[in-house]
Amino acid sequence: MQLFYAPGMIPPTHTLSEEESRHAVRVLRLESGDPIHITDGEGNLHHCRVTVADQRHCEVVVESTETEFEKLPYRLTMAVAPTKNNDRFEWFLEKATEVGVDTIIPLESAHSERRVYKEERGQKVITSAMKQSLKAYHPHLRGLSSFKKLMEEEFSGRKFIAHCAGSRSPQGKAYLPDTLRRGEDVLVLIGPEGDFSDEEIDMAMQRGFEEITLGTQRLRTETAAVTAVVMTSVINTMK
């Protein structure tokens, strides 16, 4: 199944964007009467049929819709420091989208290697990964947020910070899979290669964050972030 993306799509008819029209008609050679599958990124999977096969404005009609298509039984927000090499952060965006994530927040911290992040390219990476992995939900990519600003935001679920420094709490750091509970709303912070500063770790702990470990291996930022996404997925989907 080839999946197309049409944010804001309202049935029963729709005209694909010029880029999606070109892909459907010129690349896939779809013709009038051919089936086509479209998502609005909000969980709706529309089963459609091509009515006008034009590579600039391909028109379709919706024949049926699946709502909440493969909706995740949990909500995961990842706040991750962008890497100096942008390709590595984009790799994280791609893999997180494939596995399952609701929101991604590029995070600026004291030891950040990158303090400017352009969302446009990241949005394209996420959209491509969503379509390739046949997801009906488009993860929300926010703009770059400072650590302090994020600390001031309200979050109703559990909040975790992964760091390499010594534990602040008497019970020590929890191993993420051991402390996660199925169906929870979760926010996970992953710092830059230089880790979070002591001040940031203390601030997070004061704001109700729980300190966690992802294992004994020392992981790169993007690897740690993907590991947290996978761990959360496994805990929530295993039988």
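This is a predicted model: local features need pLDDT of at least 70, side-chain atom pairs count only at pLDDT 80 or more; totals for chains, interfaces and linings use all residues.
**View 1. The buried side of helix 1.** Start with helix 1, which spans residues 18-27 and has Glu20, Ser21, Ala24 and Val25 buried. They sit on the same side of helix 1, because they cover an arc of only 110° around the axis. Turn to the other side of helix 1 and you find Glu19 and Val27, which are exposed. The buried residues pack against strand 1 (3-5), strand 3 (35-39) and helix 3 (119-132). Just after helix 1 comes Arg29, with a positive phi of about 55°.

View 2. Glu20 counts as buried because its relative accessibility is 7%, and the cut-off for buried is under 20%. Setting aside neighbours within four places in sequence, Glu20 is in contact with Phe4, Tyr5 and Lys131. With Lys131 there is also a polar contact of 3.0 Å between the two side chains.

View 3. Side chains of opposite charge can pair when their charged atoms come close. The structure holds 18 salt bridges, and one of them joins the side chains of Glu63 and Arg49, at 3.0 Å from N to O. Glu63 belongs to strand 5 (residues 59-66) and Arg49 to strand 4 (residues 45-52), so this pair ties together parts that are 14 residues apart in sequence. Arg49 is partly exposed, with a relative accessible area of 30%.

View 4. Lys71 and Glu68 form a salt bridge whose closest N and O atoms are 3.7 Å apart; Lys71 is partly exposed, at 48% relative accessible area. Another salt bridge brings together the side chains of Asp102 and Arg75, at 3.6 Å from N to O. This pair links distant parts of the chain, 27 residues apart: Asp102 is in the loop between helix 2 (86-99) and strand 7 (103-108), while Arg75 is in strand 6 (residues 75-80). Arg75 is partly exposed, with a relative accessible area of 46%.

View 5. Finally, look for Val230, Val234 and Met238, which make a nonpolar surface patch of about 230 Å². Met238 is found in the segment after helix 7 (221-237). With a relative accessible area of 45%, Met238 is partly exposed.

Notes. Residues are numbered from 1 along each chain as its sequence is written. Side-chain values use heavy atoms; hydrogens and water are left out. Patches are made of residues with over 30% relative accessible area and no salt bridge: like charges are joined within 9 Å, nonpolar side chains (Val, Leu, Ile, Met, Phe, Trp, Tyr) within 5 Å. Accessible areas come from the Shrake-Rupley method with a 1.4 Å probe; for residues, only the protein chains shown count as cover. A salt bridge is a side-chain nitrogen of Lys or Arg within 4 Å of a carboxyl oxygen of Asp or Glu. Helices (H or I, at least four residues) and strands (E, at least two) are DSSP runs, numbered from the N terminus. Buried means under 20% relative accessible area, exposed over 50%, partly exposed in between (1.4 Å probe, protein chains only). The arc is that of the directions from the helix axis to the C-beta atoms. Contact means heavy atoms within 4.5 Å. A polar contact is a pair of N or O atoms within 3.5 Å; within protein, one must be able to donate a hydrogen and the other to accept it, and residues adjacent in sequence count only if both atoms are side-chain atoms.
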